[in-house]
Amino acid sequence: MAFAEKILTVPPPIEVGGRHVKRYHVGSPEPHVERAAYALLPDLLPEPDGTPPASFVVLHRGGDTGAYLNVYSWAWDNALRFTGAAGGQRFLGCPDDDPAHFVRLAPDFIGCVYELPPITHERDAWVRHVLAPERPDLAAYLTDSLPEGMTG
């Protein structure tokens, strides 16, 4: 299998259930796939635990029938929780080839090579804006995203 970079886009953050969610898209998810993924998002976010309520997602439209929604949420001040869903990928337990038919994943996979670059950036941004300052600056964290371009 030959490796080729994919395009990364960064839509603006959204608020879901009181959590601020930064967004990354890998590939070009079709509008119906994006709607289906974000409709499931509230079910994939954790309950508040006193940590500034922030998460980031990577929505990846694969080159085949698959679509993947990786949800990373900050918890316990400095830990990253993962939940995910996939559509159209029978290997991961999806019932059919419809990329908009998302099902929740067991937490075995945290991301593929195209989905991992945002994790490094988000770790550094969390330290820079939330953990290192005397007072956490959630607003600064939310504006600090990996630049659009290739996945890296």
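I looked up tryptophan 74 and tryptophan 126 and found both buried, where buried stands for under 20% relative accessible area, exposed for over 50% and partly exposed for what lies in between, with a 1.4 Å probe and protein chains only. I noted that this is a predicted model, in which local features need pLDDT of at least 70, side-chain atom pairs count only at pLDDT 80 or more, and totals for chains, interfaces and linings use all residues. Residues are numbered from 1 along each chain as its sequence is written, and side-chain values use heavy atoms, with hydrogens and water left out.

Next I turned to ring pairs, which I took as rings of Phe, Tyr and Trp (its six-membered ring) with centres within 6.5 Å, called stacked if the planes are under 30 degrees apart, edge-to-face if over 60 and tilted for the rest. I counted five aromatic pairs by this rule. One of them joins phenylalanine 56 and tyrosine 72, which are stacked at 5.0 Å centre to centre with 25° between the planes. Because phenylalanine 56 belongs to strand β4 (residues 54-61) and tyrosine 72 to strand β5 (residues 67-75), this pair ties together parts 16 residues apart in sequence; strands are DSSP runs of E with at least two residues, helices runs of H or I with at least four, both numbered from the N terminus. I found phenylalanine 56 and tyrosine 72 buried, and together with Phe82 they form one aromatic cluster.

Last, I checked lysine 22, whose charged end sits over the ring of tyrosine 141, 4.0 Å from its centre (NZ of Lys or CZ of Arg within 6 Å of the ring centre and within 35 degrees of the ring normal).
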